[in-house]
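Please open the structure in a viewer and keep the selection tool at hand.

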Amino acid sequence: MILNMGRKKDMNNKNREIGSSLTVYNIAELHVKFQELINNADRIDIDLSNITDCDTSGIQLLYSLKKSCLEKNKEISITNPSAAVNEALNRISITWDVFFK
């Protein structure tokens, strides 16, 4: 997963590679990283194309991140769901378009 964060003030974007797994095994660590992003960036872009392992806890984390950003008036874009992300969404009988609308 590649995260791109930027501040409106300087428009400098920073890419962060945070791994290829969104599962219960690394949710706590990712949650801390996401909170840092929310506190330090005006915009967050997340590319999920290289996620190879995802479970429903990973989907919940992404949803929580999006909700937190919206509550704090931060811009967020979550794009390019991999097959693993789509499979996790299918497990809860939902599609990408509906979940991240």
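A residue is called buried under 20% relative accessible area, exposed over 50%, and partly exposed in between, with a 1.4 Å probe and protein chains only. This is a predicted model, in which local features need pLDDT of at least 70, side-chain atom pairs count only at pLDDT 80 or more, and totals for chains, interfaces and linings use all residues. Residues are numbered from 1 along each chain as its sequence is written, and side-chain values use heavy atoms, with hydrogens and water left out.

First, select Asn-73, in the loop between α2 and β6. Helices (H or I, at least four residues) and strands (E, at least two) are DSSP runs, numbered from the N terminus. Asn-73 is not a glycine, yet its phi is positive, about 55°. Is Asn-73 buried or exposed? Asn-73 counts as exposed because its relative accessibility is 68%.

Next, select Asn-80, in the loop between β6 and α3. Its phi is also positive, near 55°, in a residue other than glycine. Asn-80 has 43% relative accessibility and therefore counts as partly exposed.

Now select α2, which has 16 residues. From first C-alpha to last, α2 reaches 22 Å, close to the 22 Å expected at 1.5 Å a residue; the expected span is 1.5 Å times one less than the number of residues. Among the buried residues of α2 are Ile-59, Leu-62 and Leu-65.

Finally, select Leu-22, Ile-44, Leu-48, Cys-54 and Val-85, which have the most contacts inside the largest nonpolar core, a set of 26 residues. Elements that each supply at least two residues of this core include α1 (27-40), α2 (56-71) and β6 (75-79). Such a core consists of buried Ala, Val, Leu, Ile, Met, Phe, Trp, Tyr and Cys residues joined through side-chain atoms within 4.5 Å.
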